[in-house]
Amino acid sequence: MMTITVEGAQIMVQQLVRSFVDATPAWEEPNSFVTRALKLQASLGRILGVTPSHYDIEELITSYEELDSVEHGTHPELVTNLAGTIDNTDMVRDYLVGRIGRETTDLLNNAGFRKAVAA
């Protein structure tokens with residue numbers, strides 16, 4: 001019997017959502033927000049023993065897609081100049097990583113996850 005702690009659940013949720021976003025780019029899925037969130041909702045429900053809201057999942061998907069756009073230099077909030085003296089990439093990345101952490105905590109709390117025991 002294995003117990004999944006809240007911290008472990010946070011890591012699993014983040015890894016699963018990250019992998020899902022990487023594997024299914026938004027442009028490949030029609031009606032992507034709802035479709036992709038519902039697919040993840042079923043997977044997370046089986047893993048966690050509680051079913052998270054697809055709205056919370058949509059927020060995480062959006063945040064990971066924004067993080068991807070920062071990594072690719074296409075995020076609309078990025079400000080850089082050619083001389084390299086102005087660059088807010090790290091600040092935007094740090095903000096999004098923090099937001100992902102808060103959204104993951106909210107997802108688990110809203111779903112009622114406390115601690116799961118898997119057989």
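Student: What pattern does the protein chain follow, read along the sequence?
Tutor: The pattern is β-α-α-α-α-β. That comes from four helices and two strands in the protein chain. Helices (H or I, at least four residues) and strands (E, at least two) are DSSP runs, numbered from the N terminus. This is a predicted model, where local features need pLDDT of at least 70, side-chain atom pairs count only at pLDDT 80 or more, and totals for chains, interfaces and linings use all residues. Residues are numbered from 1 along each chain as its sequence is written, and side-chain values use heavy atoms, with hydrogens and water left out.

Student: How much of the protein chain is buried?
Tutor: Buried residues make up 37% of the 119 residues. Buried means under 20% relative accessible area, with a 1.4 Å probe and protein chains only; exposed is over 50%, and partly exposed lies in between.

Student: And what share of the contacts comes from residues 24 or more positions apart?
Tutor: They account for 63% of the contacts with a separation of 6 or more. Contact means heavy atoms within 4.5 Å.

Student: Switch to H4. What should its length be, and what is the span in the model?
Tutor: H4 covers residues 89-111, which is 23 residues. The expected span is 1.5 Å times one less than the number of residues. That gives 33 Å, and the end C-alpha atoms are 33 Å apart, so the two agree.

Student: Which residues of H4 are buried?
Tutor: Among them are Thr89, Val92, Leu96, Arg99, Ile100 and Glu103. Thr89 counts as buried because its relative accessibility is 14%.

Student: What does Thr89 touch?
Tutor: Val70, Leu78 and Thr80, leaving aside residues up to four places away in sequence.

Student: What comes just after H4?
Tutor: Gly112, with a positive phi of about 85°.

Student: Now packing. How are two packed helices described?
Tutor: By the angle between their axes and the distance between the axes. Here, axes are lines fitted to C-alpha atoms, for helices over the stretch in contact, and angles run from 0 to 180 degrees between N-to-C directions.

Student: OK, at what angle do H3 and H4 pack?
Tutor: About 165°, with their axes 9 Å apart. H3 and H4 are therefore roughly antiparallel. The cut-offs: under 35 degrees is roughly parallel, over 145 roughly antiparallel, 65 to 115 roughly perpendicular, and the rest oblique.

Student: Is that crossing left-handed or right-handed?
Tutor: The crossing of H3 and H4 is left-handed. Left-handed means the near helix is turned anticlockwise from the far one by less than a right angle; clockwise is right-handed.

Student: Which residues make the contact?
Tutor: Among them, Leu60, Tyr64 and Leu67 of H3, and Leu96, Ile100 and Leu107 of H4. By class, the contact of H3 with H4 divides into 10 nonpolar, four polar and eight charged. Ala, Val, Leu, Ile, Met, Phe, Trp, Tyr, Cys and Pro count as nonpolar, Asp, Glu, Lys and Arg as charged, and the others, Gly among them, as polar.

Student: And how do H1 and H4 cross?
Tutor: H1 is residues 6-23. The axes of H1 and H4 come within 10 Å and cross at roughly 115°. The two are therefore roughly perpendicular. Their contact has six nonpolar, five polar and no charged residues.

Student: Last one: where is Leu48?
Tutor: Leu48 lies in helix H2, residues 32-48. Leu48 counts as buried because its relative accessibility is 3%.
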